Amino acid sequence: MVSRQAIAEILTGKISPSGKLPISIEKKWEDNPVHDSYYENLKAEIKRVDYSEGVFVGYRGYDRSGKEPFYPFGYGLSYSTFAYSNLAVEKTGEHQVTVSFDIKNTGKMDASEIAQVYVHDVESSVRPLKELKGYDKVFLKKGETQRLSIVLNEDAFSYYDMNQHRFVVEKGVFEILVGPASNQLPLKAAIEL
């Protein structure tokens, strides 16, 4: 249970909120990627859920449809502001990449930020536009800058191939996208695996 003290400290500005949404919230129900899965299939005798969206749920579905959610995945409130810079992407294994970048608290209050790292397979047509593959939470005093490093292993670059019945990593170019939310990714770099 959330304490009254914690709520009071956030509402009065003693501490800054730092949570992020684990979902996307649509502007209207029809925009939600799962909308068509939940309506009665007129040809079926039994009501059922189709799950026709496949892997394109949440932010992945909004990326696919081009519809903008009211609140995107990773959205959060803070009494401070943050700047992302100096992205470096280094291949540290056959299918392993280390992503490093700076976050600076540019606001007037000490606060926490949750940085998100997404991967985009540039040449694949069967995968979502981008997939969350790493994140880190950091507490920064006002004006402070910290360098974060997130290691992406083979899992970050692989997908399940139905024909081969296993996870595979396609050779090619991958884009690494970094930022505070799924629709705010100011840092981008490419790497070839």
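I looked up Arg147 in this predicted model and found Arg147 partly exposed, at 41% relative accessible area (buried is under 20%, exposed over 50%, partly exposed in between; 1.4 Å probe, protein chains only). Its side chain meets that of Asp102 in a salt bridge, 3.0 Å from N to O (a side-chain nitrogen of Lys or Arg within 4 Å of a carboxyl oxygen of Asp or Glu). Arg147 is in strand β5 and Asp102 in strand β2, 45 residues apart (strands are DSSP runs of E, at least two residues, and helices runs of H or I, at least four, numbered from the N terminus). Asp102 counts as buried, at 12%.

I noted that residues are numbered from 1 along each chain as its sequence is written. Local features need pLDDT of at least 70 and side-chain atom pairs 80 or more, while totals for chains, interfaces and linings use all residues; side-chain values use heavy atoms, without hydrogens and water.

I counted nine salt bridges. Glu131 pairs with Arg60 at 3.4 Å between the closest N and O atoms. Glu131 lies in strand β4 and Arg60 in helix α2, so this pair ties together parts 71 residues apart in sequence. Glu131 is buried, at 9%.

I then checked Lys130, which forms a salt bridge with Asp63 at 2.8 Å. Lys130 sits in the loop between β3 and β4, and Asp63 in helix α2, 67 residues away. Lys130 is buried at 7%, whereas Asp63 is partly exposed at 25%.

Last, I looked at Val89 in strand β1. Its contacts (heavy atoms within 4.5 Å) beyond four places in sequence include Ile176 and Ala189.
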